[in-house]
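Q: Can you walk me through this one? I'd like the core, the domains and the chain contacts.

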Amino acid sequence: TDTTPITIETSLPFTAHLCDPPSRSVESSSQELLDFFRTMALMRRMEIAADSLYKAKLIRGFCHLYDGQEAVAIGMEAAITKKDAIITAYRDHCIFLGRGGSLHEVFSELMGRQAGCSKGKGGSMHFYKKESSFYGGHGIVGAQVPLGCGIAFAQKYNKEEAVTFAMYGDGAANQGQLFEALNISALWDLPAILVCENNHYGMGTAEWRAAKSPSYYKRGDYVPGLKVDGMDAFAVKQACKFAKDHALEKGPIILEMDTYRYHGHSMSDPGSTYRTRDEISGVRQERDPIERIKKLVLSHDLATEKELKDMEKEIRKEVDDAIAKAKDCPMPEPSELFTNVYVKGFGTESFGPDRKEVKAALP
Amino acid sequence: TDTTPITIETSLPFTAHLCDPPSRSVESSSQELLDFFRTMALMRRMEIAADSLYKAKLIRGFCHLYDGQEAVAIGMEAAITKKDAIITAYRDHCIFLGRGGSLHEVFSELMGRQAGCSKGKGGSMHFYKKESSFYGGHGIVGAQVPLGCGIAFAQKYNKEEAVTFAMYGDGAANQGQLFEALNISALWDLPAILVCENNHYGMGTAEWRAAKSPSYYKRGDYVPGLKVDGMDAFAVKQACKFAKDHALEKGPIILEMDTYRYHGHSMSDPGSTYRTRDEISGVRQERDPIERIKKLVLSHDLATEKELKDMEKEIRKEVDDAIAKAKDCPMPEPSELFTNVYVKGFGTESFGPDRKEVKAALP
Amino acid sequence: HELLLFEALQEGLEEEMDRDANVCVMGEDVGHYGGSYKVTKGLADKFGDLRVLDTPICENAFTGMGIGAAMTGLRPVIEGMNMGFLLLAFNQISNNCGMLHYTSGGQFTIPVVIRGPGGVGRQLGAEHSQRLESYFQSIPGIQMVACSTPYNAKGLMKAAIRSENPVILFEHVLLYNLKEKIPDEEYICNLEEAEMVRPGEHITILTYSRMRYHVMQAAKTLVNKGYDPEVIDIRSLKPFDLHTIGNSVKKTHRVLIVEECMRTGGIGASLTAAINENFHDYLDAPVVCLSSQDVPTPYAGTLEEWTVVQPAQIVTAVEQLCQ
Amino acid sequence: HELLLFEALQEGLEEEMDRDANVCVMGEDVGHYGGSYKVTKGLADKFGDLRVLDTPICENAFTGMGIGAAMTGLRPVIEGMNMGFLLLAFNQISNNCGMLHYTSGGQFTIPVVIRGPGGVGRQLGAEHSQRLESYFQSIPGIQMVACSTPYNAKGLMKAAIRSENPVILFEHVLLYNLKEKIPDEEYICNLEEAEMVRPGEHITILTYSRMRYHVMQAAKTLVNKGYDPEVIDIRSLKPFDLHTIGNSVKKTHRVLIVEECMRTGGIGASLTAAINENFHDYLDAPVVCLSSQDVPTPYAGTLEEWTVVQPAQIVTAVEQLCQ
Ligand SMILES: Cc1ncc(C[n+]2csc(CCOP(=O)(O)OP(=O)(O)O)c2C)c(N)n1
Ligand SMILES: Cc1ncc(C[n+]2csc(CCOP(=O)(O)OP(=O)(O)O)c2C)c(N)n1
Ligand SMILES: [Mg+2]
Ligand SMILES: [Mg+2]
């Protein structure tokens, strides 16, 4: 693998609140550039495939796709380790993949199969990967942020030199529990990084209709913040690195990622009643995070158009194979209905008069 | 009554956030000065009497006294009308009095009598006076603020040229629902004035131990704020006037009243484990809100020391009489247990099989 | 005229907004977007954005604001985009909505309506499949109703809005597209009245919301098998219409409860207790209650199906009860 | 040694903190101040402010943070200064505390303890007199226990901390100063076991928390009148110890439930339903349930007294049941 250092300039400057912004020159390597391209293309393909599976009714319920926002997941992972924790909301497929989750687990979970990352019990909104510190996948807007700050508390408690990225949307940014958790994190100097993925809409509501002050990086008031071009994986990487250092040394910080979702909010939203098609295609043409990396790959002569096309074909096959494999996976056993309600296996059944049989002896 | 105008200078300047502070010269009159003295002295006496009644076990449960903070209640009332609404937390006796409530209602409620302002059902934390727009009296920290913003919404809805003062403490200032309600109020341009009575402690917790940024007038971030000497009734009056104008024209604003409670948090807190006796006596000597007015009354030759002493005697008698009268009041009837659960009188009883007898016909 | 359940709710809401200028609507995406389940469609255009209010995602604060506005006499209809989200507003609903009338000695009333979709849908996952009636039922001072047909949806919506009490109106995610012909004339439903769905002699089946349809499906089979079940949609979840229920028990002497909420602390438990207390002497067999399993609703389709009561289980339960 | 109930809780907590460095405590005024009811007295001095954490008044966030910390393996003990305040954290408690283990397919466990005082005290008013067990009981995935003596307070506290499941431990405002001699040796109580308070033959009285003392007061009178009641403190509010309860029912054939929570949707309703379902054939009379009135707790002393069940009512109920 070619790790020749390359320096890349972010196309936009950072805007900082109560801190000095990091440099716009980001260190990278040919390998990283190619990796970025490949992983983002894989993410995009995965989401498009999920869309098709949804339309074919193999995925049901709520399904929130991440296409358009890939640079955030990619840039963040490039700056941190798997000891650093991530927690996010329901738009979690690509974060899971970024943490090392497999396509097989993704599609199995989406189709409610045993082999899903949550055994089919969680669904699209509930991906987790404990061994690489991915704490989910949460369905209630904003409620994952206190959890994330609690994880950061545990990191401090255990003297791990690690941080937690607690991700939320522009809509979620108006939830009171964020302000509560931020205040506590600041009081306790926790290594908590609040990442606002500002895709400019919370369902059908434009940011300015939900927030009097849509400058999310400043919404921490007394907590420092940084506004980042969330369509530029390198800007994200730089910001996350900066934030990690900051958090370990000085406590919480907010990162506002200026990004965009191409799909509607979830599969039931066409996504075009509250924004214009022009707006969407404008972003696609001018700010697409994959195109940006592609251009860099080409301009640095790291691959040819043809090689990238081949790579995309390979990815498509990889995704298709994963889907086929997932389709072959069995549905959960009926007994799974009752496991994991309680740790010891009691629970529902324990309400029967035969309860003593499942009586749990405490350690 | 002597309404000769007098101009009084606030002893401290206002500190403003995102707005220009009002002038330090406050218009008043001899009558107002005397009224301030009398009402504050009455409030203080009432609270001291409540303390004794509590010790005599005639008042039970939670009882939060307001002595020390009287200037806030007085100054606020002087700036507004009874069409303007007020809502506060549990430290509500004096606010109720300021809104025109009677001592008889106060003591009856405190002793759980029929004649109490809430029929004895509410107790110390639940005083209300609907006809003069006093919306209570609430026991859950912070939860009154959304209610207050909702009242402000109704004022806007009904095109009343009136505002709502939603009062809360420095401890309450960290509750997420405040941030939520403030954002909505700002989005909707509601005539909501958030009044933070900063007495520097939330129970046993000093402000700086509960808030990373104890500058409560700035905690609205994008919402203007004003820091006010809450021990100076005239500063409070000026600030409330300013805030009312602001709110009617531009929407919400925060007033931070720098004040102090002499008593412990509630009757079960001696109030001296988390702060020094010196601190308390220092405030009493240098910043007492009644002493300040008294000095003004004397220096303007509006009354003699003797006359003020007589007035205090009169007040003491007034309070004692009210207590005696309240003690004679009957306890609530047993039937009162079930009234006011539902409007139509059904409720508990309606769970019996005879329910049809209390069947309610809708209008 | 014929309409879908969500349209019936919309019609009821619109009529009440026409009738009373104090009625307003607030919630997430209820305005421009017309509501996630289209219950507020067209209202923002007609009544303007002072009466139809899009809120940020702040359930606690906007519920509290609705309650505050109600203290002044407004009649806000507060939409929970999904009822489950209102757990964030639990304190406002219990302490303020439910208790302010009492703690103020009757000075204030809280004429709000809190409404929205709940229930197990089609693989919506744990948070979006909740049946909040179990959590809310002990709150003093609130009334709770659940609609199940376009007819009663409209009637209950109108009654809830006119009630001086705070009313929680439960809708069901899977019932919004039910179609029915409803009267052209104005009507309201009684908030405390159960609905006789099918009179019968052999057994009383008490149900509500979506389970009504599972019961009616089972009833078909049962009739074929020679049973004559009486099916009652209890509709009023608090207080119960023990008059209607009691009369039925006196007739059939057997009770089966079919509910979608969870077994522990559910509506069925309260109903069992109430029947036991009031009509025990009329019972020939213990009340049987079929509820959803006490588990967070799983995503997988098969698991989800096993979570809620299915028609076949109802048939079996009736057969056993009527032995 | 002899100690007061709050000291027993403190002792249990301290022992567990000694034993396991992952145990920490968070809540309002639990540190410097030592806790409103002194349950955390001295802990901040001993364990430092990383393990004993004073929080701002943000129930929703600090409960959520405790749950997040638990996901990593810490064992936070979260104090609700009064249980009623945790209504603000309802969403965290139900959706995260109760369901994360399930939605993650078992990947995460949530070994938190949520504890604090509840119940009707001495004229504390509507908000501060709540019995949250009714609201919390349907939440899947949580266990609930109520302590009533220094002995079981300590034992349940220790067991709750060691449990891998989220446990809500209910204390009662009026019981903190009960005195009792407890063993010097270490012990824990079983989280799912009822406590036989007084064996007897004529009737089973099921109760918990403070009502245990009202029942025992009544029992004295009853014994004098010639009755021999069996009194069981159910202790485990979720799940019920139906083994102990069932054996008692099989012996006495009569059940009286005495609870402090409200009638509608209370623990008693669930218990009635459970007994009805499992032990109906052993019953000679319908289960009777005495609960608090379905009203917000009024402030006035007289009204408050009428709200909760009094010993005389228990005596009467037993006499009627045993006729
Ligand atoms: C507490 C809560 N309220 C409402 C919802 C319904 N809901 C799901 S996502 C969403 C919009 C959130 O927007 P944003 O935070 O910007 O995130 P995005 O979807 O844009 O990634 C809403 C209202 C919810 N899941 N939880
Ligand atoms: C939600 C909630 N949490 C905790 C409490 C207990 N409590 C009552 S008052 C109080 C302190 C509030 O302090 P502050 O807001 O500064 O008001 P102050 O008492 O100083 O007027 C606390 C913690 C409560 N009543 N409600
Ligand atoms: Mg968004
Ligand atoms: Mg204070």
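Predicted model: local features only at pLDDT ≥ 70, side-chain atom pairs only at ≥ 80, totals over all residues.

Q: How many residues does the largest nonpolar core have?
A: The largest nonpolar core has 464 residues. A nonpolar core means buried Ala, Val, Leu, Ile, Met, Phe, Trp, Tyr and Cys residues joined through C-beta atoms within 7 Å. Buried means 20 or more other C-beta atoms within 10 Å of the residue's own, with C-beta atoms placed from the backbone.

Q: Which residues have the most contacts inside it?
A: A:A166, A:I193, A:L255, B:A166, B:I193 and B:L255.

Q: What does B:L255 touch?
A: Leaving out residues up to four places away in sequence, B:L255 touches B:I193, B:V195, B:C196, B:L226, B:V228, B:A239 and B:A243. Contact means C-beta atoms, placed from the backbone, within 7 Å.

Q: Switching to chain C. Which domains does the assignment give?
A: Domain 1 (2-181) and domain 2 (195-321). The bounds come from an automatic or database domain assignment. Their C-alpha centres lie 26 Å apart.

Q: How many residues are in contact between them?
A: 21 residues of domain 1 of chain C are in contact with 25 residues of domain 2 of chain C. On the domain 1 side, β6(C) gives the most, with four residues. Helices (H or I, at least four residues) and strands (E, at least two) are DSSP runs, numbered from the N terminus.

Q: What is that side like by class?
A: The domain 1 side has nine nonpolar, 10 polar and two charged residues. Ala, Val, Leu, Ile, Met, Phe, Trp, Tyr, Cys and Pro count as nonpolar, Asp, Glu, Lys and Arg as charged, and the others, Gly among them, as polar.

Q: Now chains B and C. How many residues are in contact?
A: 40 residues of chain B are in contact with 46 residues of chain C. α5(B) gives the most to the chain B side, with nine residues. That side divides into 21 nonpolar, 12 polar and seven charged.

Terms used
Residues numbered from 1 in each chain as written. Chains lettered and ligands numbered in written order. Buried ≥ 20, exposed ≤ 12 C-beta atoms within 10 Å, placed from the backbone. Contact = placed C-beta atoms within 7 Å.
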